[in-house]
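I opened my notebook to look up a few places in this structure. Here is what I wrote down as I went.

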Amino acid sequence: MKAKITVVFFILIGQLFGQVQDTTKLKIGTEYSIQSKVLNEDRIYYVSLPQSYYESATKYPVLILSDGDYRFQYTTGIVEFLSKQNKIPETIVVGIANTNRTRDLTPTHIEFNNMGGGGAPNFLKFIETELLPEVDKNFRTNTYRVLTGHSLGGLFSGYAYVSNSSFSGFVASDPSFWWDHQYVVNQIKKENIASLKNKRIYISNADNLKRNEGMVTFMRNPQELFYSRLKRFGVPNSNIKLEYFKDENHGTSAYMSWYHGIQFVFKGFLLENIYNKTTEEIKEHYNNLSKRVGVQFLPPDKLIRDIAGYKSQYGNDKKEAVKLLQMNSTNYPTAINKKVLKDALNNN
């Protein structure tokens, strides 16, 4: 892994309203390069780490993003926002920059408009055998992987899903399932559904028939067929969702798809009504979640501290607050958690 010293995205605070002397760089990701033997070229990718990364020993899920060169910035913002709201766990975001987008994101070669394509099998192999092992080597990751893509990137997400790749969750934003006479749709066969039933996939559709009838029909029909075939072969409602954004166009639907789709693939992470649950109930929820997905997920660190504070101050239940803080200190043995627990024990 060759790390670029430069920050890939930053905001210069203070330059918007006239000349100032001091500026502050807000870092949201770092650029790296990897020499791919599979693709026979160097590839650029960007990594955004959770805010707590250097304060804990936690292992994090990984979200792989196609079109990373122009979707990385807003994707990291969505992931950070959702994790701060405890809708999803804190997650490492890896965006892959394009070199030949059509080649990499399409599963077959077609002659239509000289579009070409057909490199998706190699691109998926590159991600699974070269990129992810490098990310695992250099960062603390767990084995829960999410693949997100829009348009041709959504086609690639669908292709990776039906190919039984190593990913656990997939987001396909207004995907181009029309490609090559609906090639990806036709890969859905009864005999390979068993391997897909426990994986989650979110599909979205953009625009409305009144504004853009021809394009909507062109895109929507194969998307709905993809969804209906999976349902017919037994994929449960909990693991598949098709959502319509009729007020969004093809381009703007990506943002909405990320916001809703990433929540869907992590659905069940947050325990409902968690502020009124006991320590044992919280432990049971996250133990069951971990067993279901095959990856350890812990109760969110800051959330547990907040719940403990709530129970102590407003719930008049200092004993339960201490139990929560003891659990949290075991899960996240950081200096701040040890101090908070010590103070709680002294005041109990």
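I am working with a predicted model, where local features need pLDDT of at least 70, side-chain atom pairs count only at pLDDT 80 or more, and totals for chains, interfaces and linings use all residues. Residues are numbered from 1 along each chain as its sequence is written, and side-chain values use heavy atoms, with hydrogens and water left out.

**Entry: two positive phi values**

I looked up Asn86 and found its phi near 65 degrees, a positive value in a residue other than glycine. Asn86 sits in the loop between α1 (68–84) and β5 (92–96); helices (H or I, at least four residues) and strands (E, at least two) are DSSP runs, numbered from the N terminus. Its relative accessibility is 15%, so Asn86 counts as buried.

I placed Asp207 in the loop between β8 (200–206) and α6 (209–232). Asp207 has a relative accessible area of 7%, so I noted it as buried.

**Entry: His150**

I found His150 in strand β6 (residues 141–150). With a relative accessible area of 3%, His150 is buried. Its side chain reaches the backbone oxygen of His250 at 2.9 Å. I then listed contacts (heavy atoms within 4.5 Å): beyond four places in sequence, the partners of His150 include Asp67, Arg71, Arg101, Asp174 and Trp258.

**Entry: α3 against α4**

Which angle do helix α3 (residues 120–138) and helix α4 (residues 152–162) make where they pack? I noted about 75 degrees, with the axes 11 Å apart. Axes here are lines fitted to C-alpha atoms, for helices over the stretch in contact, and angles run from 0 to 180 degrees between N-to-C directions. Angles of 65 to 115 degrees count as roughly perpendicular, so α3 and α4 are roughly perpendicular to each other. Ala120, Pro121, Phe123, Leu124 and Ile127 in α3 meet Phe156, Tyr159 and Ala160 in α4. I sorted the residues of this contact into eight nonpolar, no polar and no charged.

**Entry: α10**

Helix α10 (residues 318–331) has 14 residues and reaches 20 Å from its first C-alpha to its last, close to the 20 Å expected at 1.5 Å a residue. Among its buried residues I noted Glu320, Leu324, Leu325 and Asn328. The buried residues of α10 pack against α8 (279–293), α9 (301–313) and α11 (335–347).

Technical notes. Buried < 20%, exposed > 50% of the residue type's maximum accessible area, 1.4 Å probe, protein only. Polar contact = N/O pair within 3.5 Å; in protein donor to acceptor, adjacent residues only side chain to side chain. Expected span 1.5 Å × (residues − 1). Parallel < 35°, antiparallel > 145°, perpendicular 65-115°, else oblique. Nonpolar A, V, L, I, M, F, W, Y, C, P; charged D, E, K, R; others polar.
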